Amino acid sequence: MRDVAHDGRDRSSEDYSSENSAGRTPADRGDPILQIDSVDLGYDELLVVSGVSLEVYGGELVGLVGGNGSGKSTILRAVSGMIQPRAGRILFGGRAVGKGSPHQMAEMGIAHVPMGRQLFPNMTVEQNLALGAYLPEPRKHRAGSLAHVYDLFPDLHGKRKVVAAALSGGQQQMIAIGRALMLRPKLLIMDEPSLGLAPRLVKEVMQAIRLVSQTGLPILLVEQNVKQVLQISDRTYVLENGKLVVEGPSKQLMGDEKIRRAYLGL
Ligand SMILES: Nc1ncnc2c1ncn2[C@@H]1O[C@H](COP(=O)(O)OP(=O)(O)O)[C@@H](O)[C@H]1O
Ligand SMILES: [Mg+2]
């Protein structure tokens, strides 16, 4: 665990002394699937994110938490190619991201579940899911991918002919996640999937995310809901005003009284 607010930003991979949830040390994990390396991000004159470094390794569920306006969505936009870093770099599977369009990022295997879900409310569950397989390669596997999504979320199968608007907020979020899975991604990035949901539904969605993670797909999960993220993620990064202030295995962050009070509001 690193309290980056107090020891600067020198965080080479050797600095991680703790084991991840799989009980392996970072040295065993190979190269990260996603490597965000000292990026500065912003809009026009506004610098929003500075010096942020973050990695996601194969099979990991990584949380990125922070208050409203701290820069979480901006980081996800950079990962999926919607904005370009002003400094630093982003590597996906060892290849530079950042000059690619969102379309190219999707082709490389990054699926972005956007904030607010953005479903077509008057289309059926299955029509919404099918839209996720819009690229040529995923389209060839559409039937198998649908079966995989229904396997993960059986409730959606029961409602596949129903319009999306008729489902609960939690189930609609599962459609949004399922649609992203239809792309057969190598990395899933999610922007505040629990936003606007009642507590019971938040739990349901978090369990759904955990299920997806258990299939081995690496996930970067952005949330304001710190407690929920710490409960399901392997590691968590905490962002404040565009800078990382603390990061580490979620269990350790949870168990550290000082961290909880200073950064997590728990
Ligand atoms: N398209 C944009 N143009 C200008 N400023 C933006 C834009 N999107 C976000 N911002 C600003 O960037 C900051 C961080 O926003 P954002 O990344 O959305 O934070 P978060 O997702 O953590 O709530 C905020 O101050 C916000 O006003
Ligand atoms: Mg946001």
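This is a predicted model: local features need pLDDT of at least 70, side-chain atom pairs count only at pLDDT 80 or more; totals for chains, interfaces and linings use all residues.
**Exercise 1. Strand pairing**

Find which strands pair with E1, and in which sense.

Solution. Start with E1 (residues 34-43) and E2 (residues 46-56). They pair in the antiparallel sense over 7 bridges. Tyr 43 stands opposite Leu 46 in E2. Next, look at the hairpin of E1 and E2. It has 2 residues between the strands, and Asp 44 takes a positive phi near 50 degrees there. Then turn to E4 (residues 87-92). It runs antiparallel to E1, and 5 bridges join the two. Here Ile 36 stands opposite Ile 90.

**Exercise 2. The shell around ligand 1**

Determine which residues surround ligand 1, and which element gives the most to the shell.

Solution. List the residues. Ligand 1 is surrounded by Tyr 43, Leu 46, Val 48, Gly 66, Asn 68, Gly 69, Ser 70, Gly 71, Lys 72, Ser 73 and Thr 74. Now assign elements. E2 and helix H2 (72-79) each give two or more residues. H2 gives the most, with 3 residues.

**Exercise 3. Packing of H8 and H9**

Describe how H8 and H9 pack, and name the residues that make the contact.

Solution. Take the angle and the distance. H8 (residues 169-181) and H9 (residues 199-214) pack at about 25 degrees, with axes 8 Å apart. Angles under 35 degrees count as roughly parallel, so H8 and H9 are roughly parallel to each other. Their crossing is right-handed. H8 brings Gly 169, Gly 170, Gln 173, Met 174 and Ile 177 to the contact; H9 brings Leu 201, Glu 204, Val 205, Ala 208 and Val 212. These contact residues divide into 6 nonpolar, 3 polar and 1 charged.

How values were computed:
Residues are numbered from 1 along each chain as its sequence is written. Chains are lettered from A and ligands numbered from 1 in the order in which they are written. Two strands pair if DSSP finds at least two bridges between them. Helices (H or I, at least four residues) and strands (E, at least two) are DSSP runs, numbered from the N terminus. A residue is near a molecule or strand if its C-beta atom, placed from the backbone, lies within 6 Å of it. Axes are lines fitted to C-alpha atoms, for helices over the stretch in contact, and angles run from 0 to 180 degrees between N-to-C directions. Angles under 35 degrees count as roughly parallel, over 145 as roughly antiparallel, 65 to 115 as roughly perpendicular and the rest as oblique. A crossing is left-handed if the near helix is turned anticlockwise from the far one by less than a right angle, and right-handed if clockwise. Two residues are in contact if their C-beta atoms, placed from the backbone, lie within 7 Å. Ala, Val, Leu, Ile, Met, Phe, Trp, Tyr, Cys and Pro count as nonpolar, Asp, Glu, Lys and Arg as charged, and the others, Gly among them, as polar.
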